[in-house]
Amino acid sequence: MNKKFKNNSEIGFTLIEMLGAVLIVVILSGVLIASNRGAVTQAVDTKVKAFATSIPITLSGSYIANWKLDQINYPTTNQTPDSWGANVGTLNGATLPVLQTSGCVYNNCLNFSGDDYIDMGNPINFQISTGTAEAWIKTANAGSSYRGIVVKPGAYGMFLKDNIFEIYDWTQGDLTTNINLADNNWHHVLFIFNAGATNGTKLYIDSVLKLTTTMNINSQSNILLLGSGSISAQYFTGYIDDVRLYEDALQIGQIQQNYLAGLKQLLASNQISEEDYASRLDALNQYIAQN
Ligand SMILES: [Ca+2]
C-alpha cells in the first residue's frame with residue numbers, strides 16, 4: 001500500500017476535487033488555444049490586466065475643455081471646436097496650422113509650422129489657479145528657446161524650451177524636467193497646478209511623474225494659446241493632438257488611463273509596435289509597483 005495515504009478517505013476524490021480537476025482541464029485547454037496566438041500578444045494581455053488591476057478607481061475629472069483637433073473649419077472657417085465646453089479656438093498666424101489626417105493619436109491632429117497658434121480666448125473658466133492641462137505632442141525639433149504647447153501667459157503653461165519639457169512661472173521662471181522630447185515620437189505631457197501650494201504642482205511625461213514643484217500665478221489677463229507661448233512669438237513646430245483642460249487635479253490613475261488610451265490608439269494605427277507597447281506597459285507597471 002502507498003505510504004503516502006494514511007487511510008482510505010484520503011485516496012478517494014471529493015466532489016470539490018473533481019470540480020477542481022475539471023476546472024484545471026478547462027484552464028489548460030484555454031492556454032492551448034491561447035498558445036496559437038502570438039507570444040507578444042499574450043504578454044500584452046497579461047500586462048494590460050496587471051495594469052488594470054493596479055490602478056485606483058478614479059473620478060473622471062472635471063473637464064473645462066477638450067480640443068480634439070479633428071477639425072479646422074468648424075463651427076466656422078479656421079475654427080476648431082471644443083467637444084466638452086463651448087471654448088471654440090481660432091486658428092492664427094502667418095501660415096495657419098494644417099489639419100493632419102494620418103499619423104495622429106486620435107483621428108486627426110494639427111501640424112504647427114512654427115509661425116502659428118490657436119487663440120482660445122480668456123473666458124472666466126480658464127482663469128483658474130488649480131487645474132490640469134494635458135496634450136499629446138510629437139516633434140523632431142520644436143524650435144529654439146521657448147515653444148508653447150498649452151499656455152495662458154502670466155498664469156500657467158507647458159513649454160518645450162530648447163526641446164526640454166517644462167512649465168513656466170511668470171513670477172520665478174523655468175520649472176523644468178530636464179527631459180528632451182524632440183525624438184519625433186508621440187508623448188503625453190501633462191501638468192497639475194496648484195498655485196501657491198508647496199509642491200502642489202506636478203509634471204508628467206507619458207504618465208510618469210518627472211517634476212514636483214511650487215508655482216505661482218502672476219496674471220489672468222491673457223488669452224489661452226495652443227501651439228505658442230505668446231501671440232507674437234514662441235511658436236511650436238510639430239504636431240499636437242487631444243488637448244484637455246480640467247479645473248482640478250487629475251488623479252494618478254486617471255493620468256495613466258489617459259496615457260494608456262492614447263497608446264492603444266498608437267498601437268492600433270501601427271505607429272508603435274506591439275513590442276514597444278509591451279515595453280511601455282512594463283515601464284508603467286514597474287512605476288505603479290514602486291509608487
Ligand atoms: Ca484628434
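Pro75 sits in the loop that links β1 (63-67) to β2. The peptide bond from Tyr74 to Pro75 is cis, with omega near 0°. Strands here are DSSP runs of E with at least two residues, helices are runs of H or I with at least four, and both are numbered from the N terminus.

## The model overall

This is a predicted model, in which local features need pLDDT of at least 70, side-chain atom pairs count only at pLDDT 80 or more, and totals for chains, interfaces and linings use all residues. Residues are numbered from 1 along each chain as its sequence is written.

The protein chain has four helices and 16 strands. Of its 291 residues, 35% are buried. Buried means that 20 or more other C-beta atoms lie within 10 Å of the residue's own; exposed means 12 or fewer, and partly exposed is in between, with C-beta atoms placed from the backbone. Among contacts in the protein chain with a separation of 6 or more, 63% join residues 24 or more positions apart. A contact puts two C-beta atoms, placed from the backbone, within 7 Å.

## The eight-stranded sheet

Eight strands form an open sheet with antiparallel pairing, in the order β2-β3-β6-β15-β8-β9-β10-β11. β2 and β11 (173-180) stand at the edges with a single partner strand each, so one side of each has no neighbour in the sheet. Two strands pair if DSSP finds at least two bridges between them. Strands of a sheet pair through backbone hydrogen bonds, either parallel or antiparallel.

Gln79 is bridged to Thr90. Thr80 has Gly89 as its bridge partner. β3 also pairs with strand β6 (residues 116-119), antiparallel and over four bridges. There, Gly93 stands opposite Asp116.

## Two aspartates with positive phi

Asp162 is not a glycine, yet its phi is positive, about 50°. This residue is in the loop between β9 (156-161) and β10 (164-169). Asp162 is partly exposed, with 16 other C-beta atoms within 10 Å.

Asp242 also has a positive phi, near 45°, and is a residue other than glycine. Its place is in strand β16 (residues 237-246). Asp242 is buried: 23 other C-beta atoms lie within 10 Å.

Helix α3 (residues 252-268) has 17 residues. From first C-alpha to last, α3 reaches 24 Å, close to the 24 Å expected at 1.5 Å a residue. The expected span is 1.5 Å times one less than the number of residues. Buried residues in α3 include Ile252, Ile255, Tyr259, Leu260, Leu263 and Leu266. After α3 comes Asn270, with a positive phi near 60°.

The axes of α3 and helix α4 (residues 274-290) come within 10 Å and cross at roughly 170°. Axes are lines fitted to C-alpha atoms, for helices over the stretch in contact, with angles from 0 to 180 degrees between N-to-C directions. The two helices are therefore roughly antiparallel. That term covers angles over 145 degrees; under 35 is roughly parallel, 65 to 115 roughly perpendicular, and the rest oblique.

Gln256, Leu263 and Leu267 of α3 meet Glu274, Tyr277, Arg280 and Leu284 of α4. The residues of this contact are four nonpolar, one polar and two charged. Nonpolar covers Ala, Val, Leu, Ile, Met, Phe, Trp, Tyr, Cys and Pro; charged covers Asp, Glu, Lys and Arg; the others, Gly among them, are polar.
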